[in-house]
Amino acid sequence: GLNLKHVVAGAEPAQVARLRAVRAGRDEAACGVALDALTAAARANGNLLAAAVDAARAQGKALLFLTPHMGCFEVAAQYAARYIPITVLYRPARQPWLRELEETARARPALSTAPASLAGVRQMVRALRRGETVGLLPDQVPPEGLGVWAPFFGRPAYTMTLAARMV
């Protein structure tokens with residue numbers, strides 16, 4: 001549809017065909033109904049994120065936010081923590097002064113941080129089981145053996161599988 005044209009402007013025809021195949025596997029009618037409801041709620045209160053969060057929480061569902069580094073992941077987590085408890089996975093800085101700065105900047109009552117380790121992943125799974133929200137940066141390179149090589153616009157990219165395993 002229209003959104004696919006905007007997302008893949010200038011993409012190779014084979015890439016567009018692969019995206020269309022993935023899209024065809026979804027229940028388009030159910031997605032359309034859900035999107036229409038979210039859009040109506042967002043128009044009513046002016047905030048699509050709030051409408052999506054409210055819809056998921058009303059059904060007792062946990063949320064998984066995937067926010068790449070090129071986005072505003074620091075601000076997004078702090079914004080979300082104003083409304084809902086959120087646990088975010090992060091890789092602590094190696095330099096002590098920078099690690100302290102990051103920890104101070106991220107400190108919020110409803111914002112928990114989980115280190116990028118097995119203990120941190122367990123912390124995130126517990127939050128999901130409680131019906132809370134978790135966030136992670138899907139563009140981080142996973143440790144050897146914890147990712148897969150996948151085509152990314154025609155080029156191989158070592159990609160994390162953690163997000164897929166969490167849902």
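Helices (H or I, at least four residues) and strands (E, at least two) are DSSP runs, numbered from the N terminus. Residues are numbered from 1 along each chain as its sequence is written. This is a predicted model, in which local features need pLDDT of at least 70 and side-chain atom pairs count only at pLDDT 80 or more, while totals for chains, interfaces and linings use all residues, and side-chain values use heavy atoms, with hydrogens and water left out.

**Exercise 1.** Work out the strand order of the open sheet, and which strands stand at its edges.

*Solution.* 
- Step 1: recall that two strands pair if DSSP finds at least two bridges between them. The open sheet has four strands in the order 1-4-2-3, with parallel pairing.
- Step 2: strand 1 and strand 3 each have a single partner strand and stand at the edges, so one side of each has no neighbour in the sheet.
- Step 3: neighbouring strands of this sheet are turned by 25° against each other on average, direction ignored. Axes here are lines fitted to C-alpha atoms, for helices over the stretch in contact, and angles run from 0 to 180 degrees between N-to-C directions.
- Step 4: zoom in on one pair. Strand 1 and strand 4 are joined by four bridges in the parallel sense, and F65 stands opposite G135 in strand 4.

**Exercise 2.** Identify the buried residues of helix 5 and explain why they line one face.

*Solution.* 
- Step 1: in helix 5 (residues 73-81), the buried residues are A77, A80 and A81.
- Step 2: down the helix axis, the buried residues of helix 5 fall within an arc of 105°, so they line one face. The arc is taken over directions from the helix axis to the C-beta atoms.
- Step 3: see what they pack against: strand 1 (63-66), strand 2 (86-90) and strand 3 (111-115).

How values were computed: Buried means under 20% relative accessible area, exposed over 50%, partly exposed in between (1.4 Å probe, protein chains only). Contact means heavy atoms within 4.5 Å.
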